[in-house]
Amino acid sequence: MSQRSIGSPRPAVSAAAEMSELIELLEVVWERGRDTASAPPVSSAQARVLFLVEANGQLNLRELGRLLEAAPPSVTRLCDRLQAVGFLERHPGADDRREVLLRLTPTGRTYLERLRARRQEVLAEAMAAMPEASRAALATGLADFCTAVARPLRLPSPESFTTRTA
């Protein structure tokens with residue numbers, strides 16, 4: 001990745017280009033971590049499902065489809081596979097039994113813990129080669145970046161939903 005000056009005329013564009021390059025490198029690392037985290041490795045799309053369900057506590061299929069920007073049949077197939085390997089469970093909604101709520105199983109949580117641990121090992125090795133000041137700056141910038149990216153991936157709290165009537 002190239003060095004860029006903070007005062008450059010288009011720092012956001014430059015930072016976005018560098019972030020894009022970083023993401024491509026991380027995809028390689030992520031795949032390595034995913035394949036070693038568990039006996040039945042999950043696809044990248046299935047891992048996204050697990051991360052979204054975990055981040056939101058539980059989701060229904062419609063909400064998950066909206067967050068993934070995927071068609072209902074694709075979301076259902078992803079969830080079928082995750083349920084078959086024991087990472088995801090489905091429950092009927094409390095208010096509407098036609099609604100299907102998705103939750104991680106303990107096995108699914110363990111998978112994500114192992115996946116994160118493996119990925120963190122690989123990243124820690126790479127970051128150890130960086131100067132301390134660069135690591136500190138990166139940590140601060142990434143924390144802010146994660147906040148900006150994660151915000152739209154979380155659903156409003158249940159208290160903010162209005163009661164639906166027929």
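Is Glu54 buried, partly exposed or exposed? I get 27% relative accessibility for Glu54, so I log it as partly exposed. The cut-offs I use: buried is under 20% relative accessible area, exposed is over 50%, and partly exposed is in between, with a 1.4 Å probe and protein chains only.

**Ground rules**

I note that this is a predicted model, where local features need pLDDT of at least 70, side-chain atom pairs count only at pLDDT 80 or more, and totals for chains, interfaces and linings use all residues. I number residues from 1 along each chain as its sequence is written, and my side-chain values use heavy atoms, with hydrogens and water left out.

**Entry: the overall layout**

I find 6 helices and 3 strands in the chain. Both kinds of element are DSSP runs numbered from the N terminus: helices are H or I with at least four residues, strands are E with at least two. Reading from the N terminus, I write the elements down as α-α-β-α-α-β-β-α-α.

Of the 166 residues in the chain, 25% are buried. I put the accessible surface of the chain at about 11100 Å², and carbon and sulfur atoms own 57% of that. These areas come from the Shrake-Rupley method with a 1.4 Å probe, and for residues only the protein chains shown count as cover.

I also looked at contacts, meaning heavy atoms within 4.5 Å. Among those with a separation of 6 or more, 52% are between residues 24 or more positions apart.

**Entry: the sheet**

In what order do the 3 strands of the open sheet come? I read β1-β3-β2, with antiparallel pairing. The edges are β1 (59-60) and β2 (88-92), each pairing on one side only. For me, two strands pair if DSSP finds at least two bridges between them. Strands β1 and β3 (residues 100-104) run antiparallel and are joined by 2 bridges. Looking along that pairing, I see Leu59 opposite Leu102 in β3.

Next I checked what lies across the strands. Helix α2 (residues 44-56) lies across β1, β2 and β3, and runs at about 95° to β3. For the angle, axes are lines fitted to C-alpha atoms, for helices over the stretch in contact, and values run from 0 to 180 degrees between N-to-C directions.

**Entry: Gln46**

I stayed on helix α2 and picked out Gln46, which lies in it. Gln46 counts as buried, at 9% relative accessibility. Leaving out residues up to four places away in sequence, Gln46 touches Leu78, Arg81 and Leu82.

**Entry: salt bridges**

Side chains of opposite charge can pair when their charged atoms come close. My criterion is a side-chain nitrogen of Lys or Arg within 4 Å of a carboxyl oxygen of Asp or Glu. How many salt bridges does the structure hold? I count 3.

- Glu54 and Arg116 meet through their side chains at 2.5 Å, N to O. This pair links distant parts of the chain, with Glu54 in helix α2 and Arg116 in helix α5 (residues 106-128), 62 residues apart. Arg116 is partly exposed at 31% relative accessibility, and I already have Glu54 down as partly exposed.
- Asp80 and Arg90 meet at 2.8 Å, N to O. Asp80 is partly exposed at 36%, as is Arg90 at 26%.
- Glu121 and Arg118 meet at 3.6 Å, N to O. The two sit 3 residues apart in helix α5, so about one helical turn separates them. I get 45% for Glu121 and 23% for Arg118, and I mark Glu121 as partly exposed and Arg118 likewise as partly exposed.

**Entry: cysteines**

A disulfide is a covalent bond between the sulfur atoms of two cysteines. Taking a pair of cysteine sulfur atoms within 2.5 Å as the rule, I count 0 disulfides. Cys79 is buried, with a relative accessible area of 0%, whereas Cys146 is partly exposed at 45%.

Which residue has a positive phi although it is not a glycine? I flagged Glu69, with a phi of about 55°. Glu69 lies in the loop between α3 (61-68) and α4. With a relative accessible area of 74%, Glu69 goes down as exposed.
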